[in-house]
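Subject: Model handover

Hello,

Here is the model I promised. Please open it alongside this note; my findings follow below.

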Amino acid sequence: MKLSTSDAYTIERPASLAVDRTALLELYYFMVLNRKLEERLGVLYRQNQVVGGLYSSLGQEACSVGSAYALERGDFLAPMIRNLGSLLVRGVRPIDIMAQYCARAISPTQGKDLNVHFGSVENGIIAPISVVGALIPVMAGVALEMKMHDKPQVALTYIGDGGTSTTDFHEGINFAAVHKLPLILIIENNQYAYSTPARLQFAVTDLIDRAVGYGCYGEIVDGNNVLAVLDVVRRARARCVAGDGPVMIEAKTFRRKGHAEHDDAGYVPRELLAAWEKKDPIDAYLRWLFANNVAESEQEIAGINTDITAILEAAADEVLAAPFPDPSIARENVYG
Amino acid sequence: MADRQTLSAHKARFAHVPDDKTKLEMLHYMKLVREIEDRIERKLYRQGRIVGGVYVGRGQEAISVGTAIHMLQDDVVAPSHRDMGVFLMRGISPRRIIAQYMGRSTGLTRGRDGNMHMGDMNHNVIAFVSHLGDNVPVAAGVALAFVQRGQKNVALCYNGEGATSRGDWHEGLNFAAVHKLPVVFFINNNAYAYSTPLELQMAIPDVAMRAPGYGMPGEIVDGNDIVAVYDSAKRAIDLARSGGGPSLVEYKTFRMTGHSAHDDAGYVPPELFEEWKLKDPIVRFEKELVAEGVLTTARIDEMQRECEKIIDDAVEWGEQQPFPAAEEVTRDVYYEG
């Protein structure tokens, strides 16, 4: 393993972050699982096995994994389309996500809804809503319930830079701030909302400038540093549980693929993509693991990678052998 | 001496100080607003001569008058329900306003919509939309049209602090900021949104704190001081007109009535009314003008009688107007060219 060169992007562990070796390796495991699962889905997509669109979080894995890892049992998380990694951390199996994307009957929605559009009360997951922003009032409601019942728990959800321009973002975070609800809102500023660049989305440099306008605590974090994300969300969680109200976090990152697999993102300058490729969160974290002697050997890391590949291959085999939903169940679970 | 002192104090505080003629014009309109709203709310409504509810801006007259005074002929305004001064200053006659409140066919909506749901594009006043905050994207759109046409005009948009919690307000401000549109957003922060006090509406003391989050200037102004309103509005409008983009101007004021004529506002601590009564924008301005030697108390009484006469005439005229004919009911529902 080559250690960091002078011009390479490097990450540091925030001084306030206490974390043991097992956790450090788990963070690596989940980020790689996130990436390799998406790569495997990319293959299935090209083989016409995926029903509907495929959305990648390439380059944003640290955001999903670091934030979800900061949560505790009993907390609730609502992902967006690029937070597949958050679901894996919350205990969703890769096969569940693969079966969802391939619309098979063994998926959490029995093949009746796609991709990450499913929830799990046991795992503390609220199903995402396609209409971007709509999750914020929903999660404010979840947080209100926690507050009303004095539960030492938090609700966490995500929004993109584009989603901050929506009605629901504004109404949801304002409501949470007025009622001091334990809500953590992570703005994943990946600089493109489909093809709309940040400069056509808002007239400020940092979206966190909005936090003060809601009376809400806010912080900016390097979204490509999984340790910094874990640290900021843990501290946000502590604030929320202490009754200090919601926390807004702006994670600076970059969407390295198109909006979805069908989009070649020709509107994104190549040099921007190249610059962010050098800031790859997994590569940077791996360098950190070696530089800080967390990873004992290259074999140890290779072993993790091999295990993940094996899990994904077994999952793909099982999914492709599974049936599509039977038409007779079409009307089941439509209403509660 | 007193007049010079007041004037120099104003000049020290403000970039733009109205001349005497403008001051008298503003006082006239503030008094006219108070008179027409008092007449509607405290007399005609109680006599059963008004159709529907009545929402007034008592105590907030300085805001609509001190801002709208800067409008040019082709500027466009999207008022809220407590901005009667905007309608009067845009040249909509008290007669037609009274007819509107009485549901008569010569009212602005020809008797087919109630009271303050009025507008008139002949006067560049966009009809008030009940869904508060909805006028924000509309005003931003008007400003976008000005830019696209190369017109040097501005759009003015008014809302209460309650409406700032609405998504439309957020979307409209953000859009205007991104595209640097010539629009000014005025907030009548009157401390209550129906019965919701400010602290249950937002977790911040000032709406203007939101302005930096959109990348636009924000300012907090005493909304009961018409000279301060005049100055702040002039600067914001000039900035927009010169291509500098939108601003958010927050006027601190107080709603000296219930939400509407049917609401006794029992939820508002009485001492707040007492406190704000002392800050009445009309009484305050009159005192300043007398101190400056621009006016005498006798002249103020005369101005009051002039306003009363205008409204007497409007009411008399309104009473004589017909209600809409039943066969007109489908007219103006869709655009007919």
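A definition before the rest: two residues are in contact if their C-beta atoms, placed from the backbone, lie within 7 Å. Keep in mind too that this is a predicted model.

Sheet of chain B

Chain B has an open sheet of 5 strands. The order is β1-β2-β3-β7-β6, and the pairing is parallel. Neighbouring strands are turned by 20° against each other on average, direction ignored.

β1(B) and β2(B) (residues 155-160) run parallel and are joined by 3 bridges. Within this pair, Val77(B) faces Leu156(B) of β2(B).

Two helices to look at here are α6 and α9 of chain B. Helix α6 (residues 135-149) lies across β1, β2 and β3 (183-189) of chain B. Its direction is at about 170° to β2(B). Helix α9 (residues 226-241) of chain B touches β3, β6 and β7 (247-252) of that chain. The angle between α9(B) and β7(B) is about 170°.

Sheet of chain A

Chain A also holds an open sheet of 5 strands, ordered β1-β2-β3-β7-β6 with parallel pairing. Its edge strands are β1 (76-78) and β6 (217-222) of chain A. The twist averages 20° from one strand to the next. Here 3 bridges link β1(A) with the parallel strand β2(A), residues 155-160. Leu77(A) is opposite Leu156(A) in β2(A). Helix α2 (residues 61-69) of chain A packs on the sheet, touching β1, β2, β3 (183-189) and β7 (247-252) of chain A.

Where the chains meet

On chain B, 20 residues are in contact with 20 residues of chain A. α7 (167-178) and α8 (198-201) of chain B each supply at least two residues of the B side. The largest share, 7 residues, comes from α7(B). By type, the B side divides into 9 nonpolar, 7 polar and 4 charged residues.

Cores

The largest nonpolar core has 186 residues. Those with the most contacts inside it are Ile184(A), Ile249(A), Cys157(B), Val183(B) and Val184(B). Helix α1 (residues 21-46) of chain A gives the most to this core, with 10 residues.

What does Cys157(B) touch, leaving out residues up to four places away in sequence? Its contacts include Ala78(B), Val136(B), Ala139(B), Val183(B) and Phe185(B).

There is also a second, separate core of 5 residues. Among them are Tyr192(B), Ala193(B), Phe254(B) and Val268(B).

Best wishes

Terms used. Residues are numbered from 1 along each chain as its sequence is written. Chains are lettered from A and ligands numbered from 1 in the order in which they are written. This is a predicted model: local features need pLDDT of at least 70, side-chain atom pairs count only at pLDDT 80 or more; totals for chains, interfaces and linings use all residues. Two strands pair if DSSP finds at least two bridges between them. Helices (H or I, at least four residues) and strands (E, at least two) are DSSP runs, numbered from the N terminus. Axes are lines fitted to C-alpha atoms, for helices over the stretch in contact, and angles run from 0 to 180 degrees between N-to-C directions. Ala, Val, Leu, Ile, Met, Phe, Trp, Tyr, Cys and Pro count as nonpolar, Asp, Glu, Lys and Arg as charged, and the others, Gly among them, as polar. A nonpolar core is a set of buried Ala, Val, Leu, Ile, Met, Phe, Trp, Tyr and Cys residues joined through C-beta atoms within 7 Å. A residue is buried if 20 or more other C-beta atoms lie within 10 Å of its own, exposed if 12 or fewer, and partly exposed in between; C-beta atoms are placed from the backbone.
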